[in-house]
Amino acid sequence: IEAASLPASETLAHFHVVLVEPGDSLNVGAVARAMSNLGFRHLHLVAPPRYEPERAATTACWATELLAQARLHATLAEALAPMQEVVGFTARHGRHRPRHLLLPDWVERLRKAPPVQTALLFGPEDNGLRAEHLAPCRWLVRIPSAGANPAFNLAQAVLLALFEVSRL
């Protein structure tokens, strides 16, 4: 069986996956694999507490080159400096979380705007993005899920978000 391939798109080059303080190297590898599957190339890791590239490579499979090219940043500000737009992915709601869109609604907005260098911001696996991570975000995006299980695994969330973006 021959695998179907997605069309190459200049648009994809504008998107940067930014993982804030990822705690599990296996998840980082799985994110790299998801990115590679869909044609995305820019991975940024912000202050990973225990990042082990060899461990990440075990789940990256054919994305080891992408993983090797991942940029490590000491601070979120450093990672976001070259970006023109920042979009935070979070399942949490609250008074201090305005501009919350569901993933399909955000992607629809993308269709109507010219592509710019965009950071797709994902938080630590245990608690997600904190208030200080949300400050630079123009939009907060929630991926729809069943109410009983409202949050996705980090790699799953990245995969779902990138799949929708890849369909632009």
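Predicted model: local features only at pLDDT ≥ 70, side-chain atom pairs only at ≥ 80, totals over all residues.
Residues are numbered from 1 along each chain as its sequence is written, and side-chain values use heavy atoms, with hydrogens and water left out.

**Fold**

The chain holds seven helices and seven strands. Their order is β-α-β-α-α-β-α-β-β-α-β-α-β-α. Both are DSSP runs numbered from the N terminus: helices are H or I with at least four residues, strands are E with at least two. The C-alpha trace spans about 45 × 35 × 35 Å along its principal axes. Of the 168 residues, 42% are buried (under 20% relative accessible area; exposed is over 50%, partly exposed in between; 1.4 Å probe, protein chains only). Among contacts (heavy atoms within 4.5 Å) with a separation of 6 or more, 83% join residues 24 or more positions apart.

**Salt bridges**

The structure has four salt bridges, each a side-chain nitrogen of Lys or Arg within 4 Å of a carboxyl oxygen of Asp or Glu. The table gives some of them, including two that share Arg130.

| Pair | N to O distance |
|---|---|
| Glu21 and Arg130 | 3.0 Å |
| Arg138 and Glu85 | 2.9 Å |
| Glu132 and Arg130 | 2.8 Å |

Glu21, Arg130 and Glu132 form a network of salt bridges. Glu21 lies in the loop between β1 and α1, and Arg130 in the loop between β6 (118–122) and α6 (131–134), 109 residues apart. Glu21 is partly exposed at 25%. Arg130 is partly exposed at 32%, and Glu132 is partly exposed at 47%.

Arg138 and Glu85 also link distant parts of the chain, 53 residues apart. Arg138 sits in the loop between α6 and β7 (139–142), and Glu85 in strand β4 (residues 85–89). Arg138 is partly exposed at 46%, whereas Glu85 is buried at 13%.

**Gly23**

Gly23 is placed in the loop between β1 (15–20) and α1 (25–38). Its relative accessible area is 27%, partly exposed. Leaving aside neighbours within four places in sequence, Gly23 contacts Pro49, Arg50 and Glu125.
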